[in-house]
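Biologist: I'm new to this one, so please pick a single part and take a close look at it for me. After that, tell me about the rest of the chain.

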Amino acid sequence: MEAGRKADIVLIKNEHSPVSFPLLNPYGHVAFQAQRGDVHTVLVNGRVVKHEHRLLGIDLAAARRQVERTVDHLRTTMGEEAWRQGMNPDVPQTTLLDNPYTYTDYHSDSTHTRRESE
């Protein structure tokens with residue numbers, strides 16, 4: 001680390017979040033529990049870009065309008081049928097595998113047979 005360098009910093013704090021407690025392991029909490037709604041403040045290159053859970057210095061309404069125009073363009077270009085198919089793709093059939101190490105309602109002879117000694 002050098003003196004005079006600017007840092008990117010993310011501060012996490014959300015007193016109203018159900019995942020904010022208990023805080024037993026701070027590193028694990030940040031990695032596995034914290035969500036974007038828990039980000040209180042963000043500094044990028046020494047500049048505050050988010051404070052008290054709100055983005056600063058951005059016209060969010062203009063960004064939303066641009067995204068809506070992009071979606072309208074895609075729907076028009078693709079056609080309504082292709083758009084619907086892309087938004088609701090066919091879900092491939094799945095097969096449940098037996099797990100002999102957990103309780104399950106799914107049984108096969110290979111994993112759920114009674115031993116003679118029982």
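Modeller: Let's start with Glu-81, which forms a salt bridge with Arg-84, their closest N and O atoms being 3.3 Å apart. A salt bridge here is a side-chain nitrogen of Lys or Arg within 4 Å of a carboxyl oxygen of Asp or Glu. By this rule the count comes to 2 salt bridges. Side chains of opposite charge can pair when their charged atoms come close. Glu-81 and Arg-84 are separated by about one helical turn because they sit 3 residues apart in helix H3 (residues 80-87). Helices (H or I, at least four residues) and strands (E, at least two) are DSSP runs, numbered from the N terminus.

How covered are these side chains? Glu-81 is exposed, with a relative accessible area of 55%, while Arg-84 is partly exposed at 43%. Buried means under 20% relative accessible area, exposed over 50%, and partly exposed lies in between (1.4 Å probe, protein chains only).

A word on what you're looking at: this is a predicted model, where local features need pLDDT of at least 70, side-chain atom pairs count only at pLDDT 80 or more, and totals for chains, interfaces and linings use all residues. Residues are numbered from 1 along each chain as its sequence is written, and side-chain values use heavy atoms, with hydrogens and water left out. pLDDT is the predictor's confidence in each residue, from 0 to 100; its mean for the protein is 82, and 83% of the residues reach 70 or more.

Stepping back, the protein has 3 helices and 4 strands, and along the sequence they follow the pattern β-α-β-β-β-α-α. Strands E2 (residues 39-44) and E3 (residues 47-51) pair in the antiparallel sense over 3 bridges, and Val-42 has Lys-50 in E3 as its bridge partner. Two strands count as paired if DSSP finds at least two bridges between them. The hairpin of E2 and E3 has 2 residues between the strands, and Asn-45 takes a positive phi near 55° there. E3 also pairs with strand E4 (residues 54-55), in the antiparallel sense over 2 bridges; His-51 has Arg-54 in E4 as its bridge partner. That hairpin, too, has 2 residues between its strands, and Glu-52 in the turn has a positive phi of about 50°.

Over in helix H1 you'll find His-29, which counts as buried because its relative accessibility is 13%. Leaving out residues up to four places away in sequence, His-29 touches Val-19, Ser-20, Leu-23 and Ala-34, where contact means heavy atoms within 4.5 Å. Of the 118 residues of the protein, 10% count as buried.

Ile-12, by contrast, is in strand E1 (residues 9-12) and counts as partly exposed at 38% relative accessibility.
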